[in-house]
Amino acid sequence: MNLSTTWLFPGRRPGRPMNPTTLLGPLRDLGVPAQRARTSAIRHLVLQAPAPVIAKALGYHDKTATRLVTEAGGTWSRYTPGDRAR
C-alpha cells in the first residue's frame, strides 16, 4: 500500500486508486451491500441534478438514469439540456 498518496483507497501502484474489484471483497466481509449502496448513491444524485447530466457524467444510458429518477420520485422529468447563456 502506498501511504503517501491522497487517494481515499490507495492502490499498490503510486498515483492509482484501488481497483474496485479488490475493494469489493473487504466491503462484503464488513457486510456492506455494494450493489445496493451504489444504486442508492445514484438515486440520491438524480434527485439533486437532472438525469441526463448524471448519466453523461457516470457513463450511464439516459434511459437508465431516467428510470432511476422516476423510481426515486424525482422531478427532473422535463429537463432540456442546452446553452442557457442566450
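Predicted model: local features only at pLDDT ≥ 70, side-chain atom pairs only at ≥ 80, totals over all residues.
Trainee: How many helices and strands does the protein chain have, and what counts as one?
Mentor: The protein chain has four helices and zero strands, where a helix is a DSSP run of H or I with at least four residues and a strand a run of E with at least two, numbered from the N terminus. Read along the sequence, the pattern is α-α-α-α.

Trainee: What makes a residue buried, and what percentage of the protein chain counts as such?
Mentor: Buried means under 20% relative accessible area, exposed means over 50%, and partly exposed lies in between, with a 1.4 Å probe and protein chains only. Of the 86 residues of the protein chain, 15% count as buried.

Trainee: Why is Val53 called partly exposed?
Mentor: Val53, which lies in helix H3, has a relative accessible area of 39%, and is therefore partly exposed.

Trainee: Why is the pair Arg43 and Glu71 called a salt bridge?
Mentor: A salt bridge requires a side-chain nitrogen of Lys or Arg within 4 Å of a carboxyl oxygen of Asp or Glu. The closest N and O atoms of Arg43 and Glu71 are 2.5 Å apart, so the pair meets that rule.

Trainee: What makes Arg43, Arg67 and Glu71 one network?
Mentor: Glu71 also forms a salt bridge with Arg67, the closest N and O atoms being 3.0 Å apart. Salt bridges that share partners join Arg43, Arg67 and Glu71 into one network. Glu71 and Arg67 are four residues apart in helix H4, which means that about one helical turn separates them. By the rule for salt bridges, the count comes to two.

Trainee: Why are H2 and H3 called oblique?
Mentor: Two packed helices are described by the angle between their axes and the distance between the axes. Axes are lines fitted to C-alpha atoms, for helices over the stretch in contact, and angles run from 0 to 180 degrees between N-to-C directions. Angles under 35 degrees count as roughly parallel, over 145 as roughly antiparallel, 65 to 115 as roughly perpendicular and the rest as oblique. The axes of H2 and helix H3 (residues 51-58) come within 8 Å and cross at roughly 135°, and H2 and H3 are therefore oblique to each other.

Trainee: How do you know that H2 is roughly perpendicular to H4?
Mentor: The axes of H2 and H4 come within 9 Å and cross at roughly 85°, which makes H2 roughly perpendicular to H4. The contact, meaning heavy atoms within 4.5 Å, is made by Thr39, Ile42, Arg43 and Val46 of H2 and Ala65, Leu68, Val69 and Glu71 of H4.

Trainee: Which residues of H2 and H3 meet?
Mentor: Ile42, Leu45 and Val46 in H2 meet Ala51, Ile54 and Leu58 in H3.

Terms used. Residues numbered from 1 in each chain as written. Heavy atoms only, no water.
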